[in-house]
Structure formats: C-alpha cells, structure tokens
Amino acid sequence: MNAEKLYGRLVTWPKAIAPPLPCQTLPAFKQGVCQRCGQKERARLANNGFYCLKCLNMGRIATNDCLLTIPEPNLFQAKSHLRWNGQLTKQQEQVSQDLMESYNRRENRLVWAVTGAGKTEMLFPLIDYALRGKGRVAILTPRVDVVLELAPRLEAAFDCPIQVLYGQHGSQYQYSQLVLATTHQALRFYRAFDLLIIDEVDAFPFRGDAALSYAVLRAQKIRASVVYLTATPTADLKRLVTQKKLAQSYLPQRFHQGLLPQIQVKRVGNWRKHPPKKLLTSVQLWANQQNPFLIFVPRVKDLVRVFDYLQRFQTLKGTTVHASDPDRAEKVHDLRSGAYRYLVTTTILERGVTLPALEVVILGADDSVFSTAALVQIAGRVGRSKEHPDGLVLALVQEPTLKLWAARQQIADLNNRAKQVAGVPTDCLEGDEN
C-alpha cells in the first residue's frame, strides 16, 4: 500500500495483521460507538464481537478491525490552478470576498443564495485561494446528480487533478488536493481538509443524518473552514446565524439579475385517472417551442402512468427516472444533450439539473412528499440562463396546501429582496392560485 492512500484517510484493517507501513492506528469502536460513523447500530458476530450496521454500505467494520491513517501532510505546490476567466457580479464578488475572509479566520459560513445565483462560480476564487496556500479542499453534496453536474464544471475551471468519488464509482482513489464527492464519502476521511464546502446542505440524505454530520466533522482538520451552501436553509442553520455562531452571506439575486419564477397553482381533477387539460396544453406549447421540460410526480408508481398518457398525446422522446433507477445518470445526460425532450421524475431531480429554457410541471403538488423546500428548489430549475431568464413552473393540484402557499411566499420574498438589491420597486408578484 502506498502511503498516499492513507493521507487524511480512514482505511479499515484487520487487527491480526500488522499495518503495511508506518501509520497511525485508531480503534474501530470506542464504548460500542463506531469510530467511522459515530453510531451504535450494531449486529453480532459469531465470535461475540460485532460490526457496524449504519455505515455497512462503505464496507464492513467490526471489532476485529482497526482504522489506519496518516496525518494529512499537504504535499502540494503553492500555485494557482484557476483557469476560469468569467466575471462575477458585484453581489457575487462580495460573497466571494466574505468566503475568503472566513477561510483566513478558519471560521464557518452559510451562503444562503437563491437557486441560479451562481454559487459554484462564487466558490472559484475561494477554492483557488485555498489551493494556492497548499490547502486541501473538498466539495461534498448529498446527491450523485449534483456531483455529476459539478464535475465537468470544476474540471473546466481548474487545471489540477480532481478526485471524483460517489457510490460504486469505479475510479481508483488517488491522493489529490481537490476532491468532489457525495457526503457519504466523508466517512472515508480523517482530519483531511482545510476547506470543506457542503453544497445543498439541507438536502436528503445529509439533512438529519447523524452519521453524515459526524463524518463531515471528522473529515475537517482541527483548524478548518466549512462553507454551507443552500437556497433553502434549515431552521437549525438560521438559528445558528441568529445566535452569531455561524457567519452568513445572503444573495437573493440570480446571476443574470432575473427573478425566480413564481409557482403558478391550478386546480385540476383526479390527474391519476385523466390527464389534465392544463398539462397537455403546456406540453403542446413546449413541443412547438422545442423547450425541454420536467414533469414531477409524487410517487414512483405514478411515473409509468403519466409517461403512458404523454406518449399517447405526443410523440416527443422522453422517459422516466427515479432514485433507484440504475440508468439515472445516463438519462439526465440525454436530457441535457437533447436526446430526450423531457423526463417524468420523482423529487430526485429537484436539485442538480441545469438546462436553458427548461420548463416544469408538478403533478399532485398538494401531495405530502412535496415539502416547501422541495417546491422552491423545483421552481429554481427554471429560468437559470441569461438567454432564457424565465419560464413556467406549473403546480397542478386538487386543493392548494399550506406548503404551496409557503413556497410561493418564500419565492415572493426572495424576489422582493432581489428587486431591492437591483433598486427597482417591489410590487407584488403576479400569480393566480385558481
């Protein structure tokens, strides 16, 4: 085993076998608590030992194991790797400066920015600043879809090797200064990162998962800076800001200065029995305009039903996608490339999909599966390009819900604040709920 494989990493190793090279040995369990994930979910072994159930998907860790690591040495060149030459807006530049100041102080910061604000580009100067100082940087996100979208953007922006880690991704782990991964991959790191960026911090599965929170805490160095990115911060994050335990940068304005599209709520009958006329009218319009679109449904069992009646109505090429779909990444890629004109999807695509001129329908938006945050995130898929700064977000319901009202109100508040930043009157936003 090469020493680089252990720099800032946690590698499970049998206690009965001597480590392959000089390294630090950590216990696998302390007082019954797994030292990889910090949890106590255990299953018994035949030898009266036990193994951890909580992080089993990362490989079994048992009482007859230990953990190997070598302290992160930061064996990197102090040089710039940024080749992105784009221009930040004045508001983006301010957030970027805030982030670099927080990094210098090794403090944590929340970036609350509307979807389409250009959060990724705002990070580029910060990431390069850390790299130039020989810091090791990780960008973590709960969703594989977001990793797959960010990877080519980072590879285009930086000329250093980028380690991309997610699920059963087949590439061999290589020691690298810049890491892009799902939050689960933090379980494999220990005191590794000087800068840790957590994108979509409010999203499942990171939100509410004690093991992932523990892993992120252990993956950062003792003196590190953590950046939390979100368009829909949790109550806990807001509370930390109010208590002055977490610094905050706030950006309600999209990078192209346009507003977040308001959700248009329309009442329909039982859409599971009959395709709503309002849906078919919108699909026909988008077919004529050659716009891509997403149709969100509450349940996996709804996918085929909706896809079938769309196929009877239109000959556009599309398909269905959900969290457990093994071809999920390929289908999203085909939508981006134009091979598909639309996807019928569950909430799995509420984040991580950016296409120009995209339109959205939320069928059954009154279903309990659609949280306020999810509805705002879905609305944020629309109008993300300068050439197409608006579009339709159509919610079809039998009865409007409080969550829908709250999502519309949040969008209205964000847009009014964006208008204030731009110095224009904050009139009420249009939006019929009939």
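This is a predicted model: local features need pLDDT of at least 70, side-chain atom pairs count only at pLDDT 80 or more; totals for chains, interfaces and linings use all residues.

Trainee: Which helix gives the most to the lining of the second largest pocket?

Mentor: Residues are numbered from 1 along each chain as its sequence is written, and side-chain values use heavy atoms, with hydrogens and water left out. Helices (H or I, at least four residues) and strands (E, at least two) are DSSP runs numbered from the N terminus; helix H2 (119–132) and helix H3 (144–157) each supply at least two lining residues here. With four residues, the top contributor is H3.

Trainee: How much space lies in the second largest pocket, and which residues are the closest to its centre?

Mentor: On a 1 Å grid over the protein atoms alone, a pocket is an open set of points where a 1.4 Å probe fits, with protein on both sides within 12 Å along at least five of seven lines, and lining residues have an atom within 4 Å of a point. Grid points are joined across faces, edges and corners, and the volume is the space filled by probe spheres set on them. That gives about 430 Å³ for the second largest pocket. Of its 26 lining residues, the closest to the centre are Gly 118, Lys 119, Glu 121, Arg 153 and Arg 384.

Trainee: How many charged residues are in that lining of the second largest pocket?

Mentor: Ala, Val, Leu, Ile, Met, Phe, Trp, Tyr, Cys and Pro count as nonpolar, Asp, Glu, Lys and Arg as charged, and the others, Gly among them, as polar. The lining of the second largest pocket has seven nonpolar and 11 polar residues, and the charged ones number eight.

Trainee: And which residues are the closest to the centre of the largest pocket?

Mentor: The largest pocket holds about 560 Å³ of space. Its lining consists of 22 residues, and the closest to the centre are Pro 142, Val 144, His 184, Pro 205 and Arg 328.

Trainee: What kind of aromatic pair do Tyr 103 and Tyr 129 form?

Mentor: Rings of Phe, Tyr and Trp (its six-membered ring) pair if their centres lie within 6.5 Å; planes under 30 degrees apart count as stacked, over 60 as edge-to-face and the rest as tilted. For Tyr 103 and Tyr 129 the centres are 6.1 Å apart and the planes at 80°, so the pair is edge-to-face.

Trainee: How far apart in sequence are the parts that Trp 112 and Tyr 250 tie together?

Mentor: Their ring centres are 4.9 Å apart with planes at 75°, so this pair is edge-to-face. Trp 112 lies in strand E8 (residues 109–113) and Tyr 250 in strand E14 (residues 247–251), so the separation of the parts is 138 residues.
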